[in-house]
Amino acid sequence: MLTSAFQEVLRQRTLGVQVRQVMRDTMLDGKYLLKKDATIIMPSLVIHTDPAVWGSNILQFDHKRFAKGNKSQSQKPNLKALRAFGGGTTLCPGRHFATTEILATVVMFILRYNLTPLDGTWTPPKTEKTNIAWVVMEPDTDIRVKVEPRENTADCEWDFKLGDSDMIFGVAAEDRHD
């Protein structure tokens, strides 16, 4: 469930762009002519919020959207449309390192701390001031949170180690073999 929630955050909060060169004259939808050698810039946010790809609940955060065997979903997500780390020849080579670091940090916070919003309600932050050149949307204001150690964890000594693994987390469609 954690990895599904992570992918849903990437879907909703990344702003990367896909840049491609048109290889031959191409007509799209019978009305848009893409000329050979033209450059196309495709913002991932447009792809990540397309109801034809993700279903009618695109603006809703659905932590189960990417979960394997999710039967509550009317439309299975097209993993090739999740472009948070780019794709094809421009696929981020650091995606596995970044994913491991992010998920490890989140797990440590979940295990060690209780997080509660100071105003009593979790609400998605506004991101209207985010620069289009940034890859991840930045909140317009600080997110005010109370962080308290979980019961029986304050005096614990934490040791965190990562080891070698032959497994690859399928964070991009190019990583998946299922």
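Helices (H or I, at least four residues) and strands (E, at least two) in these legends are DSSP runs, numbered from the N terminus. Everything here comes from a predicted model, in which local features need pLDDT of at least 70 and side-chain atom pairs count only at pLDDT 80 or more, while totals for chains, interfaces and linings use all residues. Residues are numbered from 1 along each chain as its sequence is written, and side-chain values use heavy atoms, with hydrogens and water left out.

**View 1. Helix 4 from end to end.** Helix 4 covers residues 95-112, 18 residues in all. From first C-alpha to last it reaches 26 Å, close to the 26 Å expected at 1.5 Å a residue; the expected span is 1.5 Å times one less than the number of residues. Look along the helix for Arg95, Thr99, Leu103, Ala104 and Met108, which are buried. (Buried means under 20% relative accessible area, exposed over 50%, and partly exposed in between, with a 1.4 Å probe and protein chains only.) Helix 1 (2-13) is included in what covers these buried residues.

View 2. Setting aside neighbours within four places in sequence, Leu103 is in contact with Leu2, Thr3 and Phe6; contact means heavy atoms within 4.5 Å.

**View 3. A nonpolar patch on the surface.** Leu2, Ile102, Val106, Val107, Ile110, Leu111 and Trp158 form this patch, with about 510 Å² of accessible area together. Patch residues have over 30% relative accessible area and no salt bridge, and nonpolar side chains (Val, Leu, Ile, Met, Phe, Trp, Tyr) are joined within 5 Å. A salt bridge is a side-chain nitrogen of Lys or Arg within 4 Å of a carboxyl oxygen of Asp or Glu. Helix 4 gives the most to the patch, with five residues. Leu111 lies in helix 4 and is partly exposed, at 45% relative accessibility.

**View 4. Two aspartates with positive phi.** Asp29 is not a glycine, yet its phi is positive, about 55°. Find Asp29 in the loop between strand 2 (26-28) and strand 3 (32-34), where Asp29 is exposed at 65% relative accessible area. Asp37 also has a positive phi, near 75°. Asp37 sits in the loop between strand 3 and strand 4 (39-43), and is partly exposed at 48%.

How values were computed. Patches are made of residues with over 30% relative accessible area and no salt bridge: like charges are joined within 9 Å, nonpolar side chains (Val, Leu, Ile, Met, Phe, Trp, Tyr) within 5 Å. Accessible areas come from the Shrake-Rupley method with a 1.4 Å probe; for residues, only the protein chains shown count as cover.
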